[in-house]
Amino acid sequence: MSQTIDQQSADERGPSAPKGPRGVSDLFSGGRLVAVPRKAARREQLLAHLAETLFAPDRAYSEPEVNDALRTVHEDCSALRRYLITSGHLSRTRDGASYRRSTTTR
C-alpha cells in the first residue's frame with residue numbers, strides 16, 4: 001500500500017519531481033525549469049526526466065502538442081524539443097508532423 005501512496009505523491013509533484021539518486025529538482029523553481037544545464041551528462045539527465053514525465057511512450061504527438069507540453073516547464077520549447085530529438089528521447093517523422101517518445105536513446 002505504501003508503494004501506491006509513494007507513486008501518488010510522485011504524480012502529484014509533477015515534472016519537477018526528482019528521479020534517480022541525484023534527481024533534477026534543483027533545476028526547477030516553482031515547477032519551472034530555471035536553466036538547461038550546459039554539462040552534457042546533467043542535460044541528459046534532465047532530458048530523460050522531461051521525456052518520462054511529459055510524454056507517454058505509446059502515443060504520437062503533433063508539434064504543437066510537444067511545444068505545449070514543454071512550455072509547461074520552460075518558454076524555449078524549440079530548444080528543448082531539439083535537445084530531446086538529438087539526444088534520442090523523442091523521435092519525429094521526416095516531415096515533422098508526428099513525434100513519439102523513444103524507447104531507446106542514442
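Biologist: Which residues of helix 4 are buried in this predicted model?

Modeller: In this predicted model, the buried residues of helix 4 are covered by elements that include strand 2 (32-33), helix 2, helix 3, strand 4 and strand 5. The buried residues of helix 4 themselves are Cys77, Ala79, Leu80, Arg81, Leu84 and Ile85.

Biologist: Does Arg81 count as buried or exposed, and what is its relative accessibility?

Modeller: Arg81 has its place in helix 4, and, leaving aside neighbours within four places in sequence, this arginine is in contact with Glu63, Val66, Asn67, Leu70 and Tyr99. Because the cut-off for a buried residue is under 20% relative accessible area, Arg81 counts as buried, with a relative accessibility of 13%.

Biologist: With the side chain of which residue does the side chain of Arg81 make a polar contact?

Modeller: Among the residues that Arg81 touches beyond four places in sequence are Glu63, Asn67 and Tyr99. The polar contact, at 2.5 Å, joins the side chain of Arg81 to the side chain of Asn67.

Biologist: Is Thr86 buried or exposed?

Modeller: Thr86 also has its place in helix 4, and a polar atom of its side chain lies 3.3 Å from the backbone oxygen of Tyr83. The cut-off for an exposed residue is a relative accessible area over 50%. Thr86 has a relative accessible area of 54%, so this threonine is exposed.

Biologist: How are helix 2 and helix 4 oriented to each other?

Modeller: The contact between them is made by Arg43, Leu47, Leu50 and Ala51 of helix 2 and by Leu80, Tyr83 and Leu84 of helix 4. The axes of the two helices come within 10 Å and cross at roughly 100 degrees. Because angles of 65 to 115 degrees fall in one class, helix 2 is described, relative to helix 4, as roughly perpendicular.

Biologist: Which element gives the largest share of the largest nonpolar core?

Modeller: This core has 21 residues, of which Phe28, Leu50, Leu54, Phe55, Val66, Leu70 and Leu84 touch the most other members. Two or more residues each come from helix 2 (40-54), helix 3 (63-71) and helix 4 (77-86). The largest share, 5 residues, is given by helix 2.

Biologist: What is the order of the strands in the open sheet?

Modeller: Strand 3 (60-61) and strand 4 (90-92) are the edge strands, each pairing on one side only, while strand 3 and strand 5 (residues 99-101) pair in the antiparallel sense over 2 bridges. The open sheet of 3 strands, with antiparallel pairing, therefore has the order 3-5-4.

Biologist: Which residue in strand 5 is the bridge partner of Tyr61?

Modeller: Strand 3 spans residues 60-61, and its pairing with strand 5 is antiparallel over 2 bridges. In strand 5, the bridge partner of Tyr61 is Tyr99.

Terms used. Residues numbered from 1 in each chain as written. Predicted model: local features only at pLDDT ≥ 70, side-chain atom pairs only at ≥ 80, totals over all residues. Heavy atoms only, no water. Helix = DSSP H or I, 4+ residues; strand = E, 2+ residues; numbered from the N terminus. Core = buried A, V, L, I, M, F, W, Y, C linked by side-chain atoms within 4.5 Å. Buried < 20%, exposed > 50% of the residue type's maximum accessible area, 1.4 Å probe, protein only. Polar contact = N/O pair within 3.5 Å; in protein donor to acceptor, adjacent residues only side chain to side chain. Contact = heavy atoms within 4.5 Å. Axes fitted to C-alpha atoms, helices over the stretch in contact; angles between N-to-C directions. Parallel < 35°, antiparallel > 145°, perpendicular 65-115°, else oblique.
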